[in-house]
Amino acid sequence: MEFNDSLAMGMDDFTDHEDMVIPNELPMMAVRDVVVFNYMIIPLFVGRPNSVEAVNAALAGDKLLMLLTQKDATADDPGPEDLYNVGMVCMVMRTLKLPDGRLKVLVQAVSKAKVKKYIHTEPYSKVRIKVLPEVESENNDVATEALMRTVREQTEKIMSLRGILSADLMMIINNIEDPGRLADLVGSNLRLKIPESQAILEEQDPNKRLQLVNDLLTKELEVSTVQAKIQSDAKEEMSKSQREYYLREQLHALQKELGDSDERGQEIDDLLRKLKKTKMPKKVRKEAKKQIERMDMMHPDSSEATIIRTYIDWILDVPWKKGTKDRLDLKAAKVVLDDDHFGLDKIKERILEYLAVRKLNADTKGPILCFVGPPGVGKTSLGKSIARAMGRKFYRLSLGGMRDEAEIRGHRRTYIGAMPGRILQGLKMVESNNPIFMMDEVDKIGSDYRGDPSSALLEVLDPEQNFEFSDHYMNMPFDLSKVMFITTANRMDTIPGPLLDRMEIIELSGYTLEEKVVIARKYLLPRQIKENGIKARHMRLKDDTLQYIISHYTHEAGLRNLEREIGKVCRKLARKIAEGGKGPYAINRNTLTRYLGPPKTIPESELETLHQPGLVTGLAWTEVGGEILQIEVNFMPGKGKMLLTGQLGDVMKESVQAALTYCRSRCGDLGIKDDYFDKHDIHVHVPAGAIPKDGPSAGITMATAIYSAISGKKVQKRLAMTGEVTLRGRVLPIGGLKEKALAAVRAGINKVIIPAQNEKDLVEIPAEIRKTMTFYPVTDMDEVVRLAFDGSKATKKKK
């Protein structure tokens, strides 16, 4: 509310018309947004045709015009029911015609009147009125004087708080002795709502009218006092952005009052509608609503508002209760798994078991599987196949080289650029809370000053904890128990123990030659033919040629290099066809060098190996599968020194020491003197010296090679061995037996000595290998020596 002292001064210049005779019938004009009080002089802009005609009719007569206020200011053509009955008879003092056709009229209020009847409404409204004479108080009592003084004081206080105190206006107010005129003067300068102003106008009793004004002044004084205090307290701290926010909020309130929509309000409404539609836990919904209300109170350009908006978007986009329905048809799932991958029976069986359990118990938790095997054996592609078989979404996350714990748990929102961890990012991307979530290279996680990601994974990969996984950014528990996590690794020894304990290990060994041929024929060759734009009729490639490519151009447990070589052949054919060739082109051993060049590797079975004392074949396990290991030992006169070459690791060096100790304890069996080792130097060498080697499984091979070099005996041909040796000659179990057996097959070996405790692992070896190879389980070195040199043993095991 504000005061308009220009109007007040105009009232002081009011021309007295008390003796004027007012006709009973007058033209009527409706006004909006203003209530005209007695003694007022006010300018009006007249634009409606009906109103213009009413002014013209007044000018044509005695210049008197009845003004009534509209109940609804938005009505363009108000009827009698849209107008108040009590109004003011005014005299038209001046008129000015504007260029746009409107009239500017200056009117002076003459007398209050009440409409008794509408005579006509066209072309202008004409009404019959009853003049309501002003009741004047001759002698004011003490109560009236006190009320008038209170009104004056409150008016002065409000004007002072507003900073618009005028000495001239206060002089006019102080000189008015009539309570009715004082009420009209103060009431006309208050910006009141139309119903409140109309109530003051219709009140005939001057004392009651003044009391109404006093009540409104009291309310306004309280509001103005509080407002002045707030402005005073905030003045020193209010920055430019705060002032702008204050103004924007006032604008927002005005727009809301006027019914105008703004972009900010629309944004908040959209978020609330999305929140209502999104399924989420009650606690999360409560937090989201709280954050939306906080954002609504903030300046839209502030940095915190941007942070909160991003946080709200994440809450609304994370699939709290949105998932896919599992396909529980075991036969259909088996068909999908068999179509996508050849072999891998153990993994397929495990997935079908999980589906069977899900079919019987819908609330079962997702398993945590870990596929361990060499590169290229299909660990990642198997995860995609599992997702397709189960009808779930698939997401892959690479953990290799990850060093920051925040990659898993997310950053706290206090940091600039904070965001959730990769777990929730993946779930948001696939829009499902039960996908197949594959974590590659879990054995290659790092750690530094930023934290240990493997420790953060302990909660993620634990079914007893991950139903309340807490991300630092979201700061609300998320249920990960429906997610099926699958991790992959090349080796288990680099996976932290607590993390390894939470996972179900499934080992994937390399493929045999026959398996690779089938996979190449069924999967790799059709895929490369399609990718290179040729047809199957353009080439003739037999299985024996595929075998030759596998054995002479690749040396791996997996299939990646094999697919590259097949792709190279297809690209050569694509060029010929693009140049006009028609084919078909025969790909065989004679023409293969044109496409792939000379062979890159020579199979161990084709290498000419010397058959002499001190040379023994061992078997080793590497990240890329099994390998054969040639151990060479030679003795020469010296002072009992031992020389080790071939980049042997500490564990392998200790195996040589243990093997030598065993052989020294068998001097009698070897037919040598006790000081033989003091007068001879021993040199142990493992070829491929550029490649580091380590591990205990070459222990019995080392001991046999030393025994052979001293005794001068040769070991049997096509014989290999693996096992750890102790000082007393005991043979201890080893790992990776399947991979080592595959390496032996590639090298043309058909007899393998293994620790007796590994006999149980023979069931893991493919049946076709067990048919062509003889395995000899042993418990001590004496049995190894008899088998290696004599070929005799009481019991042999052929699997």
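Analyst: What follows covers the cavity, then the cysteines, then some backbone details.

This is a predicted model, in which local features need pLDDT of at least 70 and side-chain atom pairs count only at pLDDT 80 or more, while totals for chains, interfaces and linings use all residues. Residues are numbered from 1 along each chain as its sequence is written, and side-chain values use heavy atoms, with hydrogens and water left out.

First, the cavity. A cavity is a set of points on a 1 Å grid over the protein atoms alone, where a 1.4 Å probe fits but cannot get out. Points are joined across faces, edges and corners, and a volume is the space filled by probe spheres set on the points. Two cavities of 30 Å³ or more are counted. The largest cavity holds about 40 Å³.

Its lining residues (those with an atom within 4 Å of a point) are Val31, Val35, Val36, Leu67, Leu68, Thr69, Gly87, Met88 and Leu201. Two elements, β3 (64-69) and β4 (86-97), each give two or more residues to this lining. Strands here are DSSP runs of E with at least two residues, numbered from the N terminus. β3 gives the most, with three residues. By type, the lining has seven nonpolar residues, two polar and no charged. Here Ala, Val, Leu, Ile, Met, Phe, Trp, Tyr, Cys and Pro count as nonpolar, Asp, Glu, Lys and Arg as charged, and the others, Gly among them, as polar.

Next, the cysteines. The structure holds zero disulfides, a disulfide being a pair of cysteine sulfur atoms within 2.5 Å. Cysteine 90 counts as buried because its relative accessibility is 1%. Cysteine 370 is buried too, at 0%. Buried means under 20% relative accessible area and exposed over 50%, with partly exposed in between (1.4 Å probe, protein chains only).

Now the backbone. Glutamate 122 and proline 123 are joined by a cis peptide bond, with omega about 0°. Proline 123 sits in the loop between β5 (103-120) and β6 (125-132).

Tyrosine 39 has a positive phi, near 75°, and is not glycine. Its place is the loop between β1 (25-31) and β2 (41-46). Tyrosine 39 is buried, at 10% relative accessible area.

Asparagine 475 also has a positive phi, near 60°, in a residue other than glycine. Asparagine 475 lies in the loop between β10 (469-470) and β11 (477-478). With a relative accessible area of 55%, asparagine 475 is exposed.

Conventions. 1 Å grid on protein atoms, 1.4 Å probe; cavity = no way out; pocket = protein on both sides within 12 Å on 5 of 7 lines; lining within 4 Å. Helix = DSSP H or I, 4+ residues; strand = E, 2+ residues; numbered from the N terminus.
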